[in-house]
Amino acid sequence: MNTRTLTTVAAALAATLALGASGCSGGRDGEDSARDGRGSAENPATANNGAVVGGAPEKGGTLTVLSNTDFTHLDPARNWVMGDMDFGTRLLYRTLVTYKAAPGAEGGELVPDLAEDLGAPSNGAKTWTFRLKKGLKYEDGTAITAQDIKYNVERSFSPDLPGGPDYAARYLAGAEGYQGPAHGKHLDSVKTPDDRTIVFELRKPFAEFAYATVLPTFAPVPKAQDKGPQYDNRPFSSGPYKIESYARDKRLVLVRNTHWDPATDQVRKAHPDRIVVTMGLKGNQIDDRLIASSGADASAVSWGKMRPESTPKVLTKADVRARLLAESSNCTEMVQMHTGRTPFDDVRVRQAVQYALDREAIVTASGGPALNDAATALMPGSLFDGKQPDTLKIPLTGDAAKAKELLKQAGKPDGFATSITVSNGDKGVGEAIQQALGRAGIKVTIETVDPSAFYDTIGDTENRTDLVYTGWCPDYPSGSTFLPFVFDGRYIKEKGNSGNHSLFRDKPTMQRMDEIAAMTDAQQANQAWQQLDGEILAKAPTAPAVIERMPLLLGANIAGAYGHTSFGGQIDYATVGLKDPAKSAG
Amino acid sequence: MILYLGRRLLGVVGVLIAIAAVTFTIFYVLPADPAAAACGKSCSADRLAAIRAHMGLDQPVWRQFADFVTGIFTGRTIGSGQYTLHCEFPCLGYSYENSQAVWDLLMDRLPVSASLAFGAAALWLGLGLSAGVTAALRKDTLADRVLMVGAVAAASLPVYFTSVLLIYGLIRATGLLPYPQYVPLGSDPVQWASNLLLPWLALAILYAAMYARQSRSSMIETMAEPYIRTARAKGLPRRTVVVKHGLRAGMTPVLTIFGMDLGGLLAGAVITESIFGLPGVGRLFYGALSSGDQPVILGVTLLAATFIVLANLAVDLLYAVVDPRVRY
């Protein structure tokens with residue numbers, strides 16, 4: 001697929017998505033009730049979705065970010081957490097391509113960043129060429145070169161710098177076994193014929209490569225500034241801000257990078273003069289401070305999700321509710337069943353679980369309907385033109401009678417006993433699942449695991465429980481970053497397994513995935529993924545449960561804020577600023 | 001005296017190495033894998049192996065431990081390939097989670113925990129001892145009963161309860177104090193104290209209650225000793241009898257637990273620091289536990305052990321000062 005098609009498709013996609021999103025904020029109640037089979041009132045938490053909150057910001061002032069935690073990684077080679085990628089790529093470093101700075105579905109559109117365009121594919125989308133803009137500079141005024149982007153791609157392979165996105169490893173030719181630029185070893189598949197041109201040779205056609213170049217792997221790092229693992233504490237800026245000080249887990253202070261030229265950047269607005277991130281605060285204190293929004297807190301935003309217990313305090317007050325963002329995180333949480341073990345090797349047993357599940361109860365256990373949507377398909381709404389279809393047509397509270405009937409057909413009229421692993425924080429969800437499946441005669445034992453050990457535990461395919469409760473988030477708005485990760489049997493690993501926790505090894509599904517991946521027409525591929533979603537759901541390797549929202553509170557002096565759909569609903573740091581900079585703390 | 005001190009210090013080193021060995025083994029047999037945690041989502045087996053090798057996790061456990069102990073005394077080089085890090089003396093390892101040497105992390109957090117510990121200690125010693133001594137001297141009067149009932153009540157309140165109560169009373173309802181944010185003593189002593197006042201109170205209430213009870217019983221026992229009777233009989237003023245003869249001997253058991261308490265707190269008050277959002281050693285430890293950051297867990301454990309062992313030593317030496325009967 002060439003660039004023109006990609007842009008057209010993105011625009012078309014965005015247009016349809018926009019329709020869906022505007023529907024969310026009102027006017028489509030009729031359809032909502034039809035879908036739910038019950039009269040659901042409009043969700044007060046999502047009133048701001050698709051809109052910019054606080055109007056246009058003024059230049060200047062200090063924006064404060066109140067956070068309960070430190071960033072996982074700000075080193076662009078290692079940054080692979082939605083919110084951290086937002087913060088890093090919108091403030092500190094630029095990538096070849098980035099997402100448009102816009103609320104709602106328009107945020108899924110690509111725009112050139114360091115590159116002049118969205119890249120030129122050739123050789124059947126196996127070769128991608130990007131040309132850098134003129135006049136791009138780092139924080140010390142030196143020029144950003146194509147070689148620096150190549151260098152960061154290479155260092156992302158180093159075992160000393162783990163944690164980053166693996167798209168480069170997955171797609172670049174000759175990347176197998178490569179371990180970074182140590183001892184002068186370089187990747188021949190990344191070519192830099194001159195300072196402003198970078199060419200990527202892929203091992204297979206990849207029509208969506210431009211989406212991958214949004215990832216921080218494709219940000220520039222000058223070799224002279226690279227300090228290995230320590231670079232994480234002081235990434236060198238190519239964006240509108242540079243780091244003044246960074247005390248890990250305490251405080252990060254950003255100040256303007258005077259060498260950043262807004263003329264080269266159509267995305268970042270860089271309104272505040274300073275951005276201060278205060279870390280290690282308790283979640284409920286952050287909520288209280290932002291609800292009160294007094295003094296300097298009026299110029300603050302929250303980094304982490306609002307606590308479910310703060311919901312009533314926020315939703316009952318119109319002035320506070322108006323300062324709440326609740327964009328979808330686009331992550332689907334599912335009950336994943338071990339399809340390799342009895343009785344879950346029988347599709348009727350798995351369907352019985354789908355029917356028995358009470359998604360309304362899970363929504364309640366996850367913090368209520370204001371902050372969660374019941375899932376009605378596998379892929380989140382962003383991959384379905386804005387809204388998930390109701391593929392299964394099962395009532396949200398479940399259908400125990402139908403589940404029992406399916407169990408009877410499967411030769412289990414009296415049900416059976418099984419167990420589920422949930423993360424500590426999801427104990428309530430586990431209980432909701434236990435109760436719902438109990439109605440159909442499936443006795444569930446809940447095993448809770450500490451979050452730090454959760455993925456190790458469920459990744460051990462030999463010793464794990466039959467059921468696990470976990471989800472997946474697409475890396476960018478394409479079915480190719482969801483379905484293959486969760487349902488391709490060839491990705492399964494005996495230990496350290498991730499994504500495909502139903503251990504689903506279905507030949508027709510895998511064959512179809514390969515066919516879709518080879519499609520060069522993005523729109524055709526998009527529809528094919530959506531269709532495949534329904535086909536997989538009918539084979540019931542998982543039972544989709546909820547899609548969480550990202551509720552974020554804003555101070556009263558905040559302007560230009562919206563949750564960015566492509567960054568998991570985190571505030572778009574490219575545009576957020578202050579109404580009145582004079583009111584912020586120096 | 002010097003011989004005694006030398007012998008004790010040797011013992012301290014032995015105890016610390018033993019603690020390090022036990023901690024090391026515990027985390028080695030636990031299922032948490034720091035390499036897998038660092039590797040992130042969809043980590044390939046090859047990459048995991050490379051990361052394990054870089055972190056030195058592919059070495060046998062005795063080898064890793066030997067490297068660790070050597071590093072403490074001589075410093076060591078960590079990592080292989082392109083980025084080798086030199087971890088200087090005293091090297092307690094490198095935190096892959098925080099991208100910093102564990103020693104630097106600890107030294108960065110220590111002032112916060114020390115501010116919290118010493119401030120709270122001053123408060124609880126003052127409150128606890130005066131309440132305890134007063135109650136002891138007025139044994140079985142109304143004042144004694146009121147003080148002791150109060151102490152039992154305060155001692156039975158867990159710190160997370162008092163903290164939440166204080167936060168509500170002094171911050172949320174009245175706005176008398178700010179949400180604590182650590183301000184270094186050197187940059188603004190007034191801000192330092194006013195921000196720490198709440199956590200000090202939360203910690204001190206619990207300890208003061210225990211110290212009041214401890215010092216009361218100890219004082220009652222001492223005041224019944226024959227030498228106190230002798231001192232009284234000689235006609236010494238009551239003040240001299242209580243302070244010079246009674247208090248000095250009566251404080252020895254209190255001093256013992258004080259050494260342990262202060263030593264433990266210096267290495268971080270996990271709950272208090274977490275509740276008030278203070279970036280001290282305790283919160284570092286809590287974060288390391290939940291992310292499986294093994295080098296930091298080991299470092300904090302060793303730091304805590306060091307403080308407790310050293311505080312014990314200091315207390316033993318102080319006995320000689322406080323109690324004239326003790327000599328080394």
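The following legends describe close-up views of a predicted model with chains A and B.

**View 1. The contact between chain A and chain B.**
Chain B contributes 36 residues to the contact and chain A contributes 33 residues. On the side of chain B that touches chain A, α2 (34-39), α3 (45-55) and α13 (281-291) of chain B each supply at least two residues. The largest share of that side, eight residues, belongs to α3(B). Sorted by class, the side of chain B that touches chain A holds 16 nonpolar, 14 polar and six charged residues.

Helix α9 of chain B covers residues 226-233, and of its eight residues the number buried is zero, so the helix lies largely in the open.

**View 2. The largest nonpolar core and a second, separate core.**
The largest nonpolar core has 144 residues, of which A:V335, A:A356 and A:I433 touch the most other members. Leaving aside residues up to four places away in sequence, the contacts of A:I433 are A:V335, A:L357, A:I362, A:I420, A:V444 and A:Y469. The second, separate core contains 80 residues, including B:I51, B:F258, B:A288 and B:V309.

**View 3. The cis peptide bond between A:T342 and A:P343.**
Omega of the bond that joins A:T342 and A:P343 is about 0°. A:P343 is placed in the loop between β12 (324-337) and α10 (347-356) of chain A.

**View 4. The cis peptide bond from B:F89 to B:P90.**
For the bond from B:F89 to B:P90, omega is near -10°. The loop that holds B:P90 runs between β2 (85-87) and β3 (94-95) of chain B.

**View 5. A:N330, a residue other than glycine with a positive phi.**
Phi of A:N330 is near 60°. A:N330 belongs to strand β12 of chain A. Inside 10 Å, A:N330 has 26 C-beta neighbours, and therefore counts as buried, the cut-off being 20 or more.

**View 6. A:D385, which has a positive phi although it is not a glycine.**
The phi value of A:D385 is about 55°. A:D385 sits in the loop between β13 (372-374) and α12 (400-409) of chain A. Because A:D385 has 22 C-beta neighbours inside 10 Å, this loop residue counts as buried.

Conventions
Residues are numbered from 1 along each chain as its sequence is written. Chains are lettered from A and ligands numbered from 1 in the order in which they are written. This is a predicted model: local features need pLDDT of at least 70, side-chain atom pairs count only at pLDDT 80 or more; totals for chains, interfaces and linings use all residues. Two residues are in contact if their C-beta atoms, placed from the backbone, lie within 7 Å. Helices (H or I, at least four residues) and strands (E, at least two) are DSSP runs, numbered from the N terminus. Ala, Val, Leu, Ile, Met, Phe, Trp, Tyr, Cys and Pro count as nonpolar, Asp, Glu, Lys and Arg as charged, and the others, Gly among them, as polar. A residue is buried if 20 or more other C-beta atoms lie within 10 Å of its own, exposed if 12 or fewer, and partly exposed in between; C-beta atoms are placed from the backbone. A nonpolar core is a set of buried Ala, Val, Leu, Ile, Met, Phe, Trp, Tyr and Cys residues joined through C-beta atoms within 7 Å.
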